[in-house]
Amino acid sequence: MARQLMQECRDCGTYCLSLKCPKCGGVATAAAPMKWSPEDKRAHLRRQIEGVEKQGWSESLPTLSSSEEE
Ligand SMILES: [Zn+2]
C-alpha cells in the first residue's frame, strides 16, 4: 500500500494531500496512522498449517546449494 494520502502540516496543522504545506510551506506528515497492521495476525495459523513447529520441518525446505553444487 502506498503512503497515506491525507497529510497534516507539522507547523500549522493544515490538512493537505502533498508533503509540503500549501499554507506555510512546512513539512506535512501522515494525518493518522495507517489502518493496516504490518504484523500478520494469522501467522500462527499459517505456521500451524505448514507444520513449522514439528520436527523435520527445516529439512523439508528447499535449498540453493543442492542445485548449485551439481
Ligand atoms: Zn503549514
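What follows is a short walk through a predicted model of one chain, from its overall layout to two neighbouring residues.

Before the details, a word on conventions: residues are numbered from 1 along each chain as its sequence is written. Because this is a predicted model, local features need pLDDT of at least 70 and side-chain atom pairs count only at pLDDT 80 or more, whereas totals for chains, interfaces and linings use all residues.

Let me begin with confidence, where pLDDT is the predictor's confidence in each residue, from 0 to 100. The chain averages 80, and 79% of the residues score at least 70.

Now to the layout, in which helices (H or I, at least four residues) and strands (E, at least two) are DSSP runs, numbered from the N terminus. The chain holds 2 helices and 3 strands, and from the N terminus on their order is β-β-β-α-α.

The strands form an open sheet in the order E2-E1-E3, with antiparallel pairing, two strands counting as paired if DSSP finds at least two bridges between them. Strand E2 (15–16) and strand E3 (28–30) are the edge strands, each having a single partner, so one side of each is left without a neighbour in the sheet. Strand E1, residues 7–9, pairs with E3 in the antiparallel sense over 3 bridges, and Glu 8 has Thr 29 in E3 as its bridge partner.

How much of this chain is buried, if a residue counts as buried when 20 or more other C-beta atoms lie within 10 Å of its own, as exposed when 12 or fewer do, and as partly exposed in between, with C-beta atoms placed from the backbone? Buried residues make up 6% of the 70 residues.

Cys 9, in strand E1, is buried, with 21 other C-beta atoms within 10 Å. If we take contact to mean C-beta atoms, placed from the backbone, within 7 Å, then Cys 9, leaving out residues up to four places away in sequence, touches Thr 14, Cys 16, Cys 21, Lys 23, Cys 24, Gly 26 and Ala 28.

Arg 10, by contrast, sits in the loop between E1 and E2 and is exposed, with 12 other C-beta atoms within 10 Å. Beyond its neighbours within four places in sequence, Arg 10 is in contact with Gly 26, Val 27, Ala 28 and Thr 29, and its C-alpha atom is separated by 6.8 Å from that of Thr 29, 19 residues apart along the chain.

Finally, helix H1, residues 43–50, has 8 residues of which the number buried is 0, so it lies largely in the open, and H1 is followed by Gly 51, whose phi is positive, near 70°.

Conventions: Two residues are in contact if their C-beta atoms, placed from the backbone, lie within 7 Å.
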